[in-house]
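Dear colleague,

I am handing over the structure below, and after it you will find an account of what turned up when I went through it. Please read the text with the coordinates open beside you.

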Amino acid sequence: MRRALVVLAALLVTACGGGTQPGAPAQGGSGLTKVNAGVIAIVDTAPIHLGKAKGFFTEQRIDLTITPVQGGAAAVSGAVSGQFQFAFANTTSLLTAKQQGLDVKVVANGVSSTGEQGKDFSAVLVKPDSPIRAAKDLAGRKISVNQLRNIGDTTVRASVRNAGGDPTGIEFVELPFPDAPAALQSGRVDAIWVVEPFVSQAISQGARPVAWNFADATSDLTVAMYFTTGRTDADLTRRFTAAIRKSLEYADAHPDEVREVLKTYTKIAPDVIAKIYLPKWPAEVNKASVQTTADLAVADGVLKEKIDVSALVP
Amino acid sequence: MIRRDGLPPRLRDGAARLGYGAAGLGGLVLLMEAVPRLGLVDERFLPPASEILATLGAQLGTAELWIALGETLRGWAIGLALAFCAAVVTGVVIGIVPGLRALTSSTVEFLRPIPSVALVPLATLLFGPSLGSTLMLVGYASFWQVLIQVLYGVAAVDSVAFDTARSYRLSAWSRVRHLVWPAALPYVMTGLRLAAAVAFILAVTAELVIGSPGLGAEIQVAQSSGAVPAVYALIVLAGLVGIAVNAAVRLLERRVLAWHPAVRSEVAA
């Protein structure tokens, strides 16, 4: 009896130990490596969903679980604490994480601006009757961004500066994207920065775009990237990178399939999906644009010191 | 008991109460239909009730919604069960071991008012967007609700009865089984009823804020998709499930306490 108890206890201990080991990808029975990716459920991340559906990850012997996260901060903390082997976060969040000494490393591009005025997935909008006519007029105004001291305020300042305005007097207000249109409507802010689907929605409801801030910042802005941490093994990283690159290339070449896959993991209304501006999904990170974002962030005091982007993007 | 001329009184009472409840809900629906229709709020940000209910109807036909609902109820049930068992055992032990109540009361009073939502950052770090986070928040919130009631319940045991049991040399277990437990049961059930509602609120909150799978996460996805009617449809569903949860626990309470004067007098009335 006592021996049985000892065996049972030993089994329990090993079972618990095996189950709680963070970050160690379990080998499935079918020879697939289980991977958990923390990815925000927005338009930007369509390629990973499409790539999973197309079997690009299975080809690389990866059994992919996509866990929706709330934003860049949750993605970074989830990856660093070992819940995710890979995750998706915007450039500024990753630069900030790197500056804080966190062990993050970019494995692939995430999403890029189209660089085209009037046809990008990010814009600054005002009310139809607003006196603000162009990016220059945004100087000294109250503008909403989804997160302060992040890629939104950096690129909006760049828009204003490029147009010959002085961005120092802008008052940025933190408002989640879904709440921004109502705040604009009620006059709580003078302008809102939003991304798709809120750009198209706001425009269809009469709002007027005055700046395409991602396109203004640089011609081909890398807005977000997929990353991992030091604890993920090199072979898995190589396989994941191959799969996500293939997914990005496929999504970029098949906008119709992107619009279809959006119906599976978002709740964007079908009529909105049909007309939103899709971003670009090049497989390569535009390192120069990441450096630009880093330098702008330093100039605005969002980052403390100059960052060597090569440390983040190999 | 059933009389020829109609329903038994208890059933008639229940029907009347159900009628009032339905009328109240109906009034709310009418109000929610009228406010956006009359232009009091922008229809884009608060769609009329008919549109919300139509969206809910469409969503009820999808598998995702039922999976999400299942996840929420699973988090609610497991979290509540764990907290309930832990709180009952802890409460009874604290209540009957001499001196333990005085020893622990300051700690309990310190921990109890900490809002579960304050544990969100901790849950995010420990479990991320998974069932674990839900269980942590649900468990913490409901534990205190039950524990406090159990402590009151144990304190309410008649001291003469307690001394009598002791002088008859009833074992500790028998005292708990035959004296403390029946006396404390109405309090325990009150604690369970309070905890069940709180647990449901916290389950949805955890999903909404941390992103653990369930109704709350669906609301979050709908919100970040700009799908305003879907957001309200899911909120309405959460409300309806809340009513169902409360009704289920009340039913359980009646069954368990059928012998108790409070419930018996209610039935007789």
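Buried residues make up 39% of the 269 residues in chain B. Please keep in mind throughout that this is a predicted model.

To begin with the fold of chain B, its secondary structure comprises 11 helices and 0 strands, and its C-alpha atoms occupy a box of roughly 70 × 65 × 35 Å along the principal axes. Among the contacts in chain B with a separation of 6 or more, 71% are made by residues 24 or more positions apart. As for charge, chain B carries 19 positive and 15 negative side chains, with the centres of the two sets lying 15 Å apart.

Turning to the interface, 21 residues from chain A and 25 residues from chain B take part in the contact. The area buried between chain A and chain B is about 1700 Å², with carbon and sulfur atoms giving 53% of it. On the side of chain A, Gln70(A), Gln83(A) and Lys267(A) supply 39% of the area that this chain buries against chain B, more than any other three residues. The rule finds 1 salt bridge across the interface of chain A and chain B, and Lys267(A) also meets Glu218(B) in a salt bridge, at 2.7 Å from N to O.

Over all chains, the count of salt bridges comes to 17. In chain A, Asp235(A) meets Arg238(A) at 2.6 Å and Arg239(A) at 2.8 Å, N to O in each salt bridge. Because Asp235(A) and Arg238(A) are 3 residues apart in helix H10 (residues 234-253) of chain A, about one helical turn separates them; Arg239(A) and Asp235(A), both in helix H10 of chain A, are 4 residues apart, about one turn of the helix. At 32% relative accessibility Asp235(A) counts as partly exposed, whereas Arg238(A) is exposed at 53% and Arg239(A) is buried at 6%. Elsewhere in chain A, a network of salt bridges links Arg157(A), Arg161(A) and Asp300(A).

In chain B, the side chains of Arg37(B) and Glu33(B) form a salt bridge of 2.9 Å, N to O, and both residues lie in helix H1 (residues 9-37), 4 residues apart. Finally, Glu253(B), which sits in helix H10 (residues 228-256) of chain B, counts as buried because its relative accessibility is 12%, under the 20% cut-off. Leaving aside residues up to four places away in sequence, Glu253(B) touches Met189(B), Thr190(B) and Arg193(B).

Notes:
Residues are numbered from 1 along each chain as its sequence is written. Chains are lettered from A and ligands numbered from 1 in the order in which they are written. This is a predicted model: local features need pLDDT of at least 70, side-chain atom pairs count only at pLDDT 80 or more; totals for chains, interfaces and linings use all residues. Side-chain values use heavy atoms; hydrogens and water are left out. Helices (H or I, at least four residues) and strands (E, at least two) are DSSP runs, numbered from the N terminus. Buried means under 20% relative accessible area, exposed over 50%, partly exposed in between (1.4 Å probe, protein chains only). Contact means heavy atoms within 4.5 Å. Lys and Arg count as positive and Asp and Glu as negative; His and the chain ends are not counted. The place of a charge is taken as NZ of Lys, CZ of Arg, CG of Asp or CD of Glu. Buried area is the accessible area (1.4 Å probe) that two parts lose on being put together, summed over both. A salt bridge is a side-chain nitrogen of Lys or Arg within 4 Å of a carboxyl oxygen of Asp or Glu.
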